[in-house]
Amino acid sequence: AVRAARAAFPAWRATPWQERVRLMRKTVELISERLFEIAAVNTLEVGKNRLESLGDVEEAADFVRCYCDAMEQFNGFIIPQLRENDKISNTSVMKPYGVWAVISPFNFPIALSGGPTAAALVTGNTVVLKAAEDTPFGPSLLAQCFIDAGLPAGVFNLVTGDKETGRLLVDHPDVAGVTFTGSHKVGMEIYSKLASGPNARPVIAEMGGKNATIVSKNADLNKAVQGVSRSAFGLQGQKCSACSRVFVHEAVKGEFVKRLAEAAKKIRIGDPSKSENWMGPVSTAKAYENYKRSVAEMKKKGARIVTGGETLELEKDGYYVAPTVVDDLPQSHEFWKQELFLPIVTVAGFDDLKDAINTVNDVPFGLTGGLYSEDESEIQTFLDNVEVGVAYVNRSTGSTTG
């Protein structure tokens with residue numbers, strides 16, 4: 001695949017950017033035309049509910065549209081610069097790297113395959129996409145959209161396989177750069193490997209989060225409960241942007257925890273291909289075992305399982321677990337800083353907003369965060385001081401997820 005991509009690179013690089021944009025826009029049309037087929041496979045393969053599966057596919061299309069728009073807005077990133085006199089001109093020109101590897105995750109196998117692939121292709125790179133070992137079917141349907149749009153042979157390539165396939169791709173001397181979405185551990189291994197040595201290569205890595213929501217005493221609790229519930233339990237907590245920590249002002253903590261537990265109990269769990277079910281199974285046997293171990297560990301450390309904490313026998317097949325709300329977990333416990341990737345959310349109280357923000361920031365992640373408050377000064381304090389890439393305020397459809 002790398003050999004094919006390398007052979008195709010010179011001609012693809014020389015293709016006018018307007019033609020590359022045209023082919024990407026044709027790809028978008030095919031993704032949207034095949035939306036329901038790809039989404040159905042996504043539900044069966046990942047365990048997403050119908051809404052989340054449709055969103056995953058259309059998000060891939062949105063990524064492609066966004067990158068095409070950017071190419072047009074900035075004239076292919078061929079940008080005239082200032083001149084020191086009338087006889088000399090200066091131009092900034094963006095050049096592609098070569099063969100770009102895209103290693104995509106299991107939880108957003110369409111959006112996080114399609115987005116990085118389109119970004120690399122439209123800017124003149126050729127691509128080898130490595131689909132996650134647990135979810136290769138959806139990306140194969142996405143790959144067909146790129147191929148059917150008319151990309152020249154070798155410009156786009158799909159490989160499947162386990163971790164060894166990913167390692168071979170990263171280690172390949174003809175791979176010019178990598179986009180990786182996955183765990184912090186693997187992302188840092190890739191980053192360290194490619195950044196060192198005489199032939200350093202670029203890495204774009206998105207590696208998870210331990211995302212927190214702050215609920216002020218001035219919050220609208222209805223918004224807060226709905227937003228936290230959706231972010232904590234959507235896709236069974238298997239999102240890098242999932243809400244897994246909540247810090248609630250002591251004045252409203254009791255009421256918030258009560259309402260959040262009630263919301264969790266109302267969630268319909270089961271076969272995600274059925275429209276009445278909002279939560280499907282966790283994706284793998286490993287995640288199922290991690291859920292059981294995590295709950296047992298928190299109980300052992302004196303935490304109170306407000307609701308959930310058990311596995312569920314709902315269907316003939318599927319690793320079903322209950323959405324879980326945890327209180328009184330000692331704040332010295334590693335689970336406050338460790339990404340679990342499960343439908344488990346821990347809750348703690350606070351008295352001072354700035355102390356809560358400092359606690360939110362005190363993790364090795366900085367992905368997303370949320371606040372619920374109707375007080376403008378508290379909102380500004382949060383936005384000025386929280387250390388996350390994406391901050392949400394009073395978002396009822398998801399406290400930390402977009």
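A salt bridge is counted here when a side-chain nitrogen of Lys or Arg lies within 4 Å of a carboxyl oxygen of Asp or Glu. The model is predicted, and a search of the whole structure finds 21 salt bridges.

**Salt bridges**

Three of these pairs are listed below, including one between Glu29 and Lys26.

| Pair | N to O distance |
|---|---|
| Glu29 and Lys26 | 3.8 Å |
| Lys239 and Glu52 | 3.1 Å |
| Arg304 and Asp327 | 3.1 Å |

Glu29 and Lys26 both belong to helix 2 (residues 17-33), where they sit 3 residues apart, about one turn of the helix. Glu29 has a relative accessible area of 44% and is therefore partly exposed. Lys26 is also partly exposed, at 32%.

The side chains of Lys239 and Glu52 form a salt bridge as well. Lys239 is in the loop between helix 9 (221-233) and strand 9 (243-249), while Glu52 is in helix 4, so this pair ties together parts that are 187 residues apart in sequence. Lys239 is buried, with 9% relative accessibility, and Glu52 is buried, with 16%.

Arg304 is partly exposed at 39% relative accessibility, whereas Asp327 is buried at 5%. Shared partners join Lys253, Arg304, Asp327 and Asp328 into one network of salt bridges.

**Positive phi angles**

Asp328 has a phi near 65°, a positive value in a residue other than glycine. Asp328 is placed in the loop between strand 13 (324-327) and strand 14 (344-350), and its relative accessible area of 46% makes it partly exposed. Asn75, again a residue other than glycine, has a positive phi near 55°. Asn75 falls in the loop between helix 4 (50-73) and strand 1 (78-80) and is partly exposed, at 41%.

Which side chain does the side chain of Asn42 contact? The partner is the side chain of Asp56, in a polar contact of 3.0 Å. Asn42 is part of helix 3 (residues 35-46). Asn42 counts as buried because its relative accessibility is 0%, and buried means under 20%.

**A negative patch**

Glu250, Asp351, Asp352 and Asp355 form a negative surface patch. Of these, Asp355 is located in helix 12 (residues 353-361) and is partly exposed, with 46% relative accessibility.

How values were computed. Residues are numbered from 1 along each chain as its sequence is written. This is a predicted model: local features need pLDDT of at least 70, side-chain atom pairs count only at pLDDT 80 or more; totals for chains, interfaces and linings use all residues. Side-chain values use heavy atoms; hydrogens and water are left out. Patches are made of residues with over 30% relative accessible area and no salt bridge: like charges are joined within 9 Å, nonpolar side chains (Val, Leu, Ile, Met, Phe, Trp, Tyr) within 5 Å. Accessible areas come from the Shrake-Rupley method with a 1.4 Å probe; for residues, only the protein chains shown count as cover. Lys and Arg count as positive and Asp and Glu as negative; His and the chain ends are not counted. The place of a charge is taken as NZ of Lys, CZ of Arg, CG of Asp or CD of Glu. Helices (H or I, at least four residues) and strands (E, at least two) are DSSP runs, numbered from the N terminus. Buried means under 20% relative accessible area, exposed over 50%, partly exposed in between (1.4 Å probe, protein chains only). A polar contact is a pair of N or O atoms within 3.5 Å; within protein, one must be able to donate a hydrogen and the other to accept it, and residues adjacent in sequence count only if both atoms are side-chain atoms.
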